[in-house]
Amino acid sequence: MNGRLGPSMEALAQAVAQRAVEIVVSALDVNALLDRVDLNAVLDQVDIGQVLDRIDLNGIVERIDVEALVEQTDLGAIIARSSSGVASDVLDVVRSQTVGLDEFIARWIARLRRRPYTGPPGPPDGLHARAGS
Amino acid sequence: MTARAGDATPSGPPIIVRESLQGKYSGFASRFAAFAVDVGVSLGVFMLALAAITFAARVLTGKNIAWNKGDPWVILAYAVWAFSYFAYSWAASGRTAGMALFGVRVVRDDGTDASGRQAVVRTLALPLSFLLLGLGFVGILLGDRRRALHDVIAGTAVIYSWDARAARLRFLSRG
């Protein structure tokens, strides 16, 4: 008899235990619990120096093949690209400012001549035809 | 209330945002700024050459050469150098260093590439625009095709070779 009741009692006990845990967890206010935990006090107890002493940083750095890493990174191309980008930006700004001045002068000349100004004239016919072909 | 004639510009963003400008006739400021840079570059290179000659002469002969800016030979040497600088640049690529910097280019008046003969004629006629009390440049301000006297004589024009709208998009994409 004991042999037949054993497994069913065990399953019943497990089900009861699971249900009890669910009830406890659902009743638990985690936020309130966290409010009561003094994290600063916990952190004060951690000796970071001791933790770092146990980490062999030199060993980690030695295991990194810096030369292979640099070889795989085309630093020259990156530097060239960023420099040419800056140069191109500067050039664009200089040209934009000068074109702005061109337009300012042209607008004032048009105003003095009492003529409408609709932007820079052109392009020449040959250029227009070439672009269209 | 009526709008003034000069106010008839299209409203909205500036022209360099709306249009590419490439191929349009270049304005006075761009041309003047490019010319100022070219004068600086040509003078700078000329002074460097004089300094190099002075140094070489001192090393080889032990004598110092004193250059007098008013010396006709120095003036002639500069004139020959400046002629070569402008004529060669316009013949080879249609642009000098200053023009490349400001994104403008010399072309034939129909928009095709300027020839070597036109480059030479343009260079020789350039001083004429100055000698007429600067009146040779009035065409850039008032002409429909913004041509100076030396452009009319050589059959050339100056256009923007720079795509303003692409530059703007490039700038925004990096933003």
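Leaving aside its neighbours within four places in sequence, with which residues is B:Val158 in contact? The structure is a predicted model, in which local features need pLDDT of at least 70, side-chain atom pairs count only at pLDDT 80 or more, and totals for chains, interfaces and linings use all residues. Residues are numbered from 1 along each chain as its sequence is written, while chains are lettered from A and ligands numbered from 1 in the order in which they are written.

With those neighbours set aside, B:Val158 is in contact with B:Tyr25, B:Ser26, B:Arg31, B:Val104, B:Arg105, B:Val106 and B:Asp151; contact requires C-beta atoms, placed from the backbone, within 7 Å. B:Val158 also belongs, with B:Val104 and B:Ile159, to the residues with the most contacts inside the largest nonpolar core, which has 22 residues. Such a core is a set of buried Ala, Val, Leu, Ile, Met, Phe, Trp, Tyr and Cys residues joined through C-beta atoms within 7 Å, buried meaning that 20 or more other C-beta atoms lie within 10 Å of the residue's own. Two or more residues each come from α2, α3 (72–92), α4 (97–102), β1 (104–108), β2 and α8 of chain B, and β2(B) gives the most, with four.

Chain A has eight helices and zero strands, these being DSSP runs of H or I (at least four residues) and of E (at least two). Of its 133 residues, 9% count as buried.

The contact between the chains takes 33 residues from chain A and 38 from chain B. On chain B, the elements giving two or more residues to this side are α1 (15–18), α2 (28–61), α6 (138–142), β2 (156–160) and α8 (164–174).

Notes. Two residues are in contact if their C-beta atoms, placed from the backbone, lie within 7 Å. A residue is buried if 20 or more other C-beta atoms lie within 10 Å of its own, exposed if 12 or fewer, and partly exposed in between; C-beta atoms are placed from the backbone.
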